[in-house]
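Subject: Structure handover

Hello,

Here is the structure you were going to look at. Please open it next to this email and find each place as you read.

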Amino acid sequence: MGRIAFLNRLMVQKTTVRNLFQFGKTKGDTGKYEQIVSTGLVSPERSVPKDIEKPAYHFKKMSPGNTLGSPEIKTSNQIDAMRMSGKLAARILRECGKLATVGTTTDEIDAFAHGRIIESKAYPSPLRYAGFPKSICTSINNIACHGIPDDRQLANGDIINIDVTVFLNGYHGDCSETFLVGEVDERGSFLVEATRTCLDHCISLCGPGVEFNEIGKFIQRYCDERGLESIAAFIGHGIGSYFHGPPEILHYYNELPGKMQPGMTFTIEPILSLGGSDIGVLEDGWTAISLDGARSAQFEHTILITETGTEILTRDQ
Ligand code: MF3
Ligand code: CO
Ligand code: CO
């Protein structure tokens with residue numbers, strides 16, 4: 001999620017596309033790619049049939065969920081529902097990834113995802129969440145996250161994160177992946193593979209009794225060893241009948257207290273950058289863009305802490 005309070009402070013600057021590129025230069029070799037410098041046309045809101053169960057924010061604009069406080073321990077019935085929403089999100093994410101080809105617009109991917117989600121009798125969680133206008137997030141190249149699907153056609157060499165969250169049987173499942181469009185340069189492919197592997201390692205170190213801060217400690221070391229930066233403004237989050245709740249999962253070194261316990265469900269969703277880690281938010285209030293124009297990649301899973309380790313709820317199988 002966005003650490004929205006932090007983002008709001010950035011939004012106060014009313015960062016515009018024009019002044020963004022007066023900020024610092026990228027460090028080192030950031031590769032060859034098209035920088036996104038403006039947003040495109042956003043299509044009208046897609047409708048959700050009457051018979052589909054909707055989260056409260058569909059009816060009434062609400063602020064994003066509070067991620068502070070103690071994490072909920074889910075019952076086995078709640079976990080069963082989380083398994084269903086997680087699997088559905090993962091399946092639709094995989095299908096969306098197949099559409100990430102040259103010439104496809106992100107609005108077409110949104111339309112596809114929306115259609116698949118409602119035909120599965122689920123609700124596309126981003127829609128109307130804190131006012132978000134579309135059903136998925138699509139973040140290309142130098143967009144860190146929360147990109148709004150629009151009429152831009154994917155170009156050869158793009159990297160695109162697609163973030164799918166669904167609300168099914170009263171529970172959310174949240175996952176994302178970064179896909180390569182056509183032929184991506186060597187730095188871009190390196191970034192995407194390094195970020196995928198980073199998330200895999202984060203998940204494998206989780207389990208009952210493990211401190212949440214082990215995740216951030218690991219990511220920090222991982223990035224330092226590879227000349228990458230983790231974008232601190234965005235955190236993983238507890239998830240359940242709420243989209244974003246406790247605990248906060250920080251993707252950078254910290255020593256905050258808190259241990260994982262069986263029955264907790266949360267996301268891990270590091271965003272790693274080839275350049276600096278500062279971001280700004282465009283005037284649409286959502287699109288989070290790197291201030292130095294560098295690319296970033298993100299992967300996300302919703303996981304469950306079990307008695308013996310973890311279960312990836314957003315695994316597509
Ligand atoms: N799916 C994002 C996350 O991983 C949240 C998107 S919020 C939205 O937490 F409103 F942009 F959809
Ligand atoms: Co998330
Ligand atoms: Co997500």
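This is a predicted model: local features need pLDDT of at least 70, side-chain atom pairs count only at pLDDT 80 or more; totals for chains, interfaces and linings use all residues.

Start with the cobalt ion (ligand 3). Its coordinating atoms come from D163 (OD), D163 (OD), D174 (OD) and E300 (OE), at 2.0 to 2.3 Å. The six donor atoms of the cobalt ion (ligand 3) make angles of 59 to 166 degrees, and the site is irregular. Along the sequence, the donor residues of this ion follow the spacing D-x10-D-x125-E. D163 sits in strand β4 (residues 159-168), while E300 sits in the loop between β13 (296-298) and β14 (301-305), so this pair ties together parts that are 137 residues apart in sequence. D163 is buried at a relative accessible area of 10%, and E300 is buried at 1%.

Next is the cobalt ion (ligand 2).

How far apart are the cobalt ion (ligand 2) and the cobalt ion (ligand 3)? They are 3.3 Å apart, and D174 coordinates both. In other words, D174 is a bridge between the two ions.

**Two helix pairs**

Two packed helices are described by the angle between their axes and the distance between those axes.

Helix α5 (residues 186-204) and helix α6 (residues 213-226) have axes that come within 10 Å and cross at roughly 150 degrees. An angle over 145 degrees counts as roughly antiparallel, so α5 and α6 are roughly antiparallel to each other. The crossing of α5 and α6 is right-handed. On the α5 side, the residues that meet α6 are F190, A194, T197, C198, H201 and C202. On the α6 side they are I215, F218, I219, Y222 and R226.

The other pair is helix α3 (residues 76-98) with helix α4 (residues 106-119), which pack at an angle of about 150 degrees with their axes 10 Å apart. That makes α3 and α4 roughly antiparallel. The crossing of α3 and α4 is right-handed. In α3, R91, I92, E95 and C96 meet I109, F112, A113, R116 and I117 in α4.

Is P270 buried or exposed? P270 is buried, with a relative accessible area of 0%. Apart from its neighbours within four places in sequence, P270 is in contact with T195, C198, L199, I219, H251, A297, Q298 and F299. Of these contacts, C198 and I219 are among the residues where α5 and α6 meet. The C-alpha atoms of P270 and M82 are separated by 21 Å, and the two residues are 188 residues apart along the chain.

**Backbone details**

Most residues other than glycine have a negative phi, and most peptide bonds are trans.

- P246 and P247 are joined by a cis peptide bond, with omega about 5 degrees. P247 is part of strand β8 (residues 245-249).
- R128 is not a glycine, but its phi is positive, at about 70 degrees. R128 lies in the loop between β1 (123-124) and β2 (137-140) and is partly exposed, at 30% relative accessibility.
- N169 also has a positive phi, near 50 degrees, in a residue other than glycine. N169 lies in the loop between β4 and β5 (171-180) and is partly exposed, with a relative accessible area of 43%.

Regards

Notes
Residues are numbered from 1 along each chain as its sequence is written. Chains are lettered from A and ligands numbered from 1 in the order in which they are written. Side-chain values use heavy atoms; hydrogens and water are left out. Donors are N, O and S atoms within 2.8 Å of the metal (3.2 Å for Na, K and Ca); water is not among the atoms, so sites may look incomplete. Four donors count as tetrahedral if all angles lie between 85 and 135 degrees; four count as square planar and six as octahedral if opposite donors are over 155 degrees apart and all others between 65 and 115; anything else is irregular. Helices (H or I, at least four residues) and strands (E, at least two) are DSSP runs, numbered from the N terminus. Buried means under 20% relative accessible area, exposed over 50%, partly exposed in between (1.4 Å probe, protein chains only). Axes are lines fitted to C-alpha atoms, for helices over the stretch in contact, and angles run from 0 to 180 degrees between N-to-C directions. Angles under 35 degrees count as roughly parallel, over 145 as roughly antiparallel, 65 to 115 as roughly perpendicular and the rest as oblique. A crossing is left-handed if the near helix is turned anticlockwise from the far one by less than a right angle, and right-handed if clockwise. Contact means heavy atoms within 4.5 Å.
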